[in-house]
Amino acid sequence: MSLFALAGLTGPTSAAPALETTEGTEALRLYLDCDWGCDFTFQRSQITYVNWVRDRQDAEVHVLVTIQSGGNSREYTFNFIGLERFEGVDQRLIHTSSFTDTDDERRRGVQRILELGLVRYVLETPQAEGLVVGFENGEEQGEPHRDHFHPEPNHLVADPEDDPWNHWVYRLRLNTDFRSEDRRDSQSYQTSASAGRTTDMWRMGMGVFYSYRESNFEFEDGSTFKNVSRSTSYFGQVIRTLAPHWGVGVGASSRRSTFLNLDNSYRAAAAIEYNFFPYSESSEREFTFAYFIGGTRLDYEEITVFDKLEETFTDQGAYIAFGMERPWGEAHLDLQYSHFIDDFDRSRIEFSTDVEYHIVRGLSFDVYAGISRIRDQIYLPKGGATDAEVLVARRQLETDLSFRGGIQLRYTFGSIYNNVVNSRLSSESSGFSRIF
C-alpha cells in the first residue's frame with residue numbers, strides 16, 4: 001500500500017496551530033491502547049518520530065487495537081481516534097496475520113499499519129519533512145495483500161482454489177515438566193492436536209487433548225503418597241453463518257477424567273445464537289443470546305453418590321454475553337443457565353463480569369467477579385475424597401456455590417512520555433533483586 005495513496009484518501013489538510021514543544025520537539029503525541037499482541041517495546045524502538053505517552057489524556061492520537069482470532073488467522077482492527085486539534089479525524093484500518101507468521105512478522109505487520117495510519121496526523125507536524133513515500137507491489141512479489149483500509153471490515157481471504165490447504169489449519173503441541181526436591185517430586189505431560197477451517201460461511205474444528213500429572217510426597221514418618229491425575233478429551237464442531245446477526249452449530253465431545261470420576265463420557269449438542277450487533281464488529285462489541293440442547297452419556301470410575309455407574313440424560317440451556325472495548329476501557333458480562341430436561345432441580349446458573357475503567361489520567365480501576373449456583377454434580381464418587389486427595393486437589397468436591405472476585409486500583413504519575421526503551425537487567429531469571 002502506498003503512503004502517498006493513503007495520504008490522498010484523507011483529503012486536503014487545513015493549516016493547524018503550532019504545537020507546544022514536547023521533550024524538545026513538536027512531535028505527535030501518541031497513545032497505543034493494545035492489551036496483547038502488539039509488542040509495545042518493539043513499537044517504541046521502531047517508531048521514534050512520535051512522542052509516546054502513558055495516558056490517553058495526554059495524547060493527540062489514541063490508537064485502540066482490538067484483536068480477533070479466526071481459524072487460520074488473527075485480525076487486528078486499528079481505530080485511530082483524533083484528540084485535541086485532531087478531534088473528529090478518525091479512521092479504521094485492518095490487518096490480518098496468519099497463525100503461521102512468526103512473532104517478528106506479526107509485530108512488523110503491526111508496525112506497518114501504525115505507520116500508515118499515522119501519516120494523516122504526522123503530515124501536520126514538523127516531522128512531515130522527514131516523511132518518505134514508497135510503494136511495494138506485494139502481488140508481483142508473490143506476497144498476499146493482507147492489509148485493507150475501509151470504514152467497515154472486508155475480510156479479504158484467499159479463495160479455496162488459490163489455497164492448497166483449503167483454509168484448513170493444523171496444530172500439534174507437546175510439553176512436559178519435571179520438578180524434584182528432597183521430599184517431593186512431580187512430572188506432567190500434555191499433548192494436543194487440532195484442525196480447523198474458517199470461512200465467512202463456515203467454521204469447523206476438531207481436536208484431541210491428553211494430560212498426565214504425577215506427584216510423589218514423603219512425610220516425616222517415612223510414609224509416602226502418590227497422586228496421579230489423567231485427562232483425555234476429544235471434540236468436533238461445525239458452525240454455520242445464517243445471516244449477519246445469526247449463527248447455528250452442532251458439536252460432539254468425549255472426555256475421561258480422574259478428577260471428575262469419569263471413565264468415559266460422550267456428548268452431542270446443537271445451538272443457535274443471535275448477536276444484536278453484526279458479527280463483523282465482534283472485536284469491538286457484541287451482545288449475544290443463545291439457546292442450546294444436548295444429550296450426554298456418562299460412565300463412571302467409581303459408584304456415585306446416587307448409586308450409579310452409568311447414566312444418560314438430556315439438558316438444555318441459554319446464555320447471554322455482552323462485551324465491548326472502548327477508549328475508556330472495556331467491560332464483559334456473561335450469564336448462563338442450564339438444567340436437565342427431566343429434572344429441573346439438576347441445574348446450574350453461572351454469572352461473571354469484569355470491568356476495566358480509566359477514571360482520570362494515570363488512574364484506572366479493575367473489578368471482576370463470578371458466582372455459580374451448582375446443582376448438577378451427579379458424578380461425585382460415593383466414598384467422597386480423603387484428606388490427602390483434598391489437599392492435592394485430586395477430586396472435585398461437592399459444593400452448592402462457587403464465588404470468585406477481585407479488584408485492582410492502579411495509579412501512575414510522573415513524566416507523561418514513554419519514548420525511551422532500556423531493557424538492561426530486566427530478566428527475572430538473573431536473580432538481580434530476588435531474595436530467593
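Predicted model: local features only at pLDDT ≥ 70, side-chain atom pairs only at ≥ 80, totals over all residues.

Reader: Which residue forms a salt bridge with Arg29?

Author: A salt bridge calls for a side-chain nitrogen of Lys or Arg within 4 Å of a carboxyl oxygen of Asp or Glu. Here the partner of Arg29 is Glu84, and the closest N and O atoms are 2.6 Å apart. Glu84 lies in the loop between E4 and E5, while Arg29 belongs to strand E1 (residues 28-33), so the pair ties together parts that are 55 residues apart in sequence. Glu84 itself is partly exposed, at a relative accessible area of 44%.

Reader: How many salt bridges does a search of the whole structure find?

Author: The search finds 20 salt bridges. One of them is formed by Arg267 with Asp315, whose closest N and O atoms are 2.7 Å apart. This pair links distant parts of the chain, with Arg267 in strand E12 (residues 262-275) and Asp315 in strand E14, 48 residues apart. Asp315 is buried because its relative accessible area of 9% falls under 20%. Arg267, at 24%, is partly exposed.

Reader: Which side chain meets that of Arg410 in a salt bridge?

Author: The side chain of Glu356 does, at 3.5 Å from N to O. Again distant parts of the chain are linked: Arg410 is in strand E18 and Glu356 in strand E16, 54 residues apart. Salt bridges can also share partners, and in this way Glu60, Arg85, Arg120 and Glu124 are joined into one network. As for Arg410, its relative accessibility of 37% counts as partly exposed.

Reader: How should I read the pairing of strands?

Author: Strands of a sheet pair through backbone hydrogen bonds, either parallel or antiparallel. In this structure, an open sheet of 12 strands shows antiparallel pairing, in the order E7-E8-E9-E10-E11-E12-E13-E14-E15-E16-E17-E18. Strand E7 (168-180) and E18 stand at the edges with a single partner strand each, so one side of each has no neighbour in the sheet. From one strand to the next, the twist averages 10 degrees.

Reader: How many bridges join strand E13 to strand E14?

Author: There are 15 bridges between strand E13 (residues 285-300) and strand E14 (residues 310-326), and the two run antiparallel. As an example, Gly295 has Thr314 in E14 as its bridge partner.

Reader: Is strand E5 mostly covered or mostly open?

Author: Strand E5 (residues 91-98) is mostly covered, since 8 of its 8 residues are buried. The cover extends to both faces: Gln91, Leu93, His95 and Ser97 are buried on one side, and Arg92, Ile94, Thr96 and Ser98 on the other. Strand E4 (residues 73-82) pairs with E5 in the antiparallel sense over 8 bridges, and the bridge partner of Glu75 in E5 is Thr96.

Reader: Where on the protein do nonpolar residues form a patch?

Author: The nonpolar patch is on the surface; its members, including Phe276, Leu333, Tyr337 and Phe403, together have about 1,100 Å² of accessible area. Strand E15 (329-340), strand E16 (343-360) and strand E18 (401-411) each supply at least two residues of the patch. Leu333 is found in strand E15 and is partly exposed, with a relative accessible area of 32%.

Technical notes:
Residues numbered from 1 in each chain as written. Heavy atoms only, no water. Patch = residues over 30% accessible without salt bridge, like charges linked within 9 Å, V, L, I, M, F, W, Y side chains within 5 Å. Areas by Shrake-Rupley, 256 points an atom, 1.4 Å probe, with all protein chains shown as cover. Helix = DSSP H or I, 4+ residues; strand = E, 2+ residues; numbered from the N terminus. Buried < 20%, exposed > 50% of the residue type's maximum accessible area, 1.4 Å probe, protein only. Pairing = 2+ DSSP bridges. Axes fitted to C-alpha atoms, helices over the stretch in contact; angles between N-to-C directions.
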